[in-house]
Amino acid sequence: MKKKNLLSDQRVVRYVKRAGKSALGILYPPRCPLCDRIIPVGKDRVCGECRGELPWIIQPYCLKCGKMLDRSEKEYCDDCLKRTHDFTQGIAAFRYAGKMRDSVQRMKFSNRREYLDFYAEAMVWRAERWLFLWRPQRIIPVPMHWMKKNRRGFNQSELLAKKIGSLTGIPVMPHAVRKRKNTKDQKKLSGQERRTNLKNAFEVSADLSDVQSVLVIDDVYTTGSTIDEISRVLKRAGVRNVFFLVAAHR
Ligand SMILES: [Zn+2]
Ligand SMILES: [Zn+2]
C-alpha cells in the first residue's frame, strides 16, 4: 500500500513537471521586445511592425563613444570633443529612443529579462567588424552593488555579457570588477556629480596581468562616466585597452 502511494506520488510529480514545461510556453509566450506583443513561437524575435522601426545606430557615429552624429563631416560627438575618456573606444547597437527606451525600461523594472537575448544578438551583429579589430581577450560586465542586484533579482549587464560570451566565444569574467560602493542613482546627477559619485566605487577582484584588452558590457551608455571609472581601475590592474559594447546609446 505504502509502495503504491509512493509510486503514484512520483507519477504526480512527473505529471506536474511535464505540464509545467508545456505550460511555460503559455505562461511566458515570446514577446516582441519593442512593443511587448505576443509573437508566434519560433518566428523572429521582433514583430513585423517593429522590425522596420528598430533604431539602429548607423553612420555617421562618434569614433570614440559610438553616439550617432547629425553631420557626416564630424568624427567625434560634442561630448567626446570636450572631455577625455578613459576607455579606448566603444559602440552601441541602438539609439536609446522611442520603443527602444520603453523596452529597456520594461526589461529593468518589469523584469522582462527575456529581452536580453534579442539585445545580445543585435549587439554582436552590430559589433562584428569592431570585435575583429579590437580582439578583446575578456568580456567584463558593468557590475551592480550586491544590494541593488538582490533588489532587482538580476544584473542585466552580467546576463548580456554571458550571452555575448557564448555567441562570440570570448571568455567572460562576470566578477572581475566588483562594485564596492552602493552609489546614488546616476539618473538625477550632472556629469561632474556622476564622476564624484562613482569615485572609488569599483575594484578589480581578479588577476588581469595577462590581459591586454577587455570588452566592457552594459545596457545603456549615458555620459560614459561609469565605463570611464571602470576603465581606470582596469588600467591600474594592467589592462591596456578597454573597449565597450552597449545595447543603447542616449
Ligand atoms: Zn513589436
Ligand atoms: Zn562621442
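This is a predicted model: local features need pLDDT of at least 70, side-chain atom pairs count only at pLDDT 80 or more; totals for chains, interfaces and linings use all residues.
Are Cys62 and Cys65 buried or exposed? Cys62 and Cys65 are both buried (under 20% relative accessible area; exposed is over 50% and partly exposed in between, with a 1.4 Å probe and protein chains only). Residues are numbered from 1 along each chain as its sequence is written, chains are lettered from A and ligands numbered from 1 in the order written, and side-chain values use heavy atoms, leaving out hydrogens and water.

**View 1. The zinc ion (ligand 2) and its four cysteines.** Donors here are N, O and S atoms within 2.8 Å of the metal (3.2 Å for Na, K and Ca); water is not among the atoms, so sites may look incomplete. The angles among the four donor atoms run from 102 to 117°, and the site is tetrahedral (four donors with all angles between 85 and 135 degrees). Along the chain, the donors of the zinc ion (ligand 2) follow the spacing C-x2-C-x11-C-x2-C.

**View 2. The zinc ion (ligand 1) with its own cysteine donors.** Cys32, Cys35, Cys47 and Cys50 coordinate the zinc ion (ligand 1) through their SG atoms at 2.3 Å. This site is tetrahedral too, with angles of 102 to 114° among its four donor atoms. The spacing of the donor residues in sequence is C-x2-C-x11-C-x2-C. Cys32 and Cys47 are 15 residues apart, and both sit in the loop between H1 and H2. Cys32 counts as buried because its relative accessibility is 0%, and Cys47 counts as buried because its value is 9%.

**View 3. Helix H5 and its kink.** Helices (H or I, at least four residues) and strands (E, at least two) are DSSP runs, numbered from the N terminus. H5 covers residues 115-134, 20 residues in total, and reaches 27 Å from its first C-alpha to its last, close to the expected 28 Å (1.5 Å times one less than its number of residues). A kink of about 60° is centred on Glu128; the bend at a residue is the angle between axes fitted to the seven residues ending there and the seven starting there. Just after H5 comes Arg135, with a positive phi of about 50°.

**View 4. A cis peptide bond at Pro60.** Gln59 and Pro60 are joined by this cis bond, where omega is about -5°. Look for Pro60 in the loop between helix H2 (48-51) and helix H3 (78-82).

**View 5. Asp36 and its positive phi.** Asp36 is not a glycine, yet its phi is near 70°. This residue lies in the loop between helix H1 (2-27) and H2. Asp36 counts as buried because its relative accessibility is 15%.

**View 6. Asn200, another residue with a positive phi.** Although Asn200 is not a glycine, its phi is about 60°. Asn200 belongs to the loop between H8 and strand E4 (202-204). At 46% relative accessibility, this residue counts as partly exposed.

Definitions and conventions. Four donors count as tetrahedral if all angles lie between 85 and 135 degrees; four count as square planar and six as octahedral if opposite donors are over 155 degrees apart and all others between 65 and 115; anything else is irregular.
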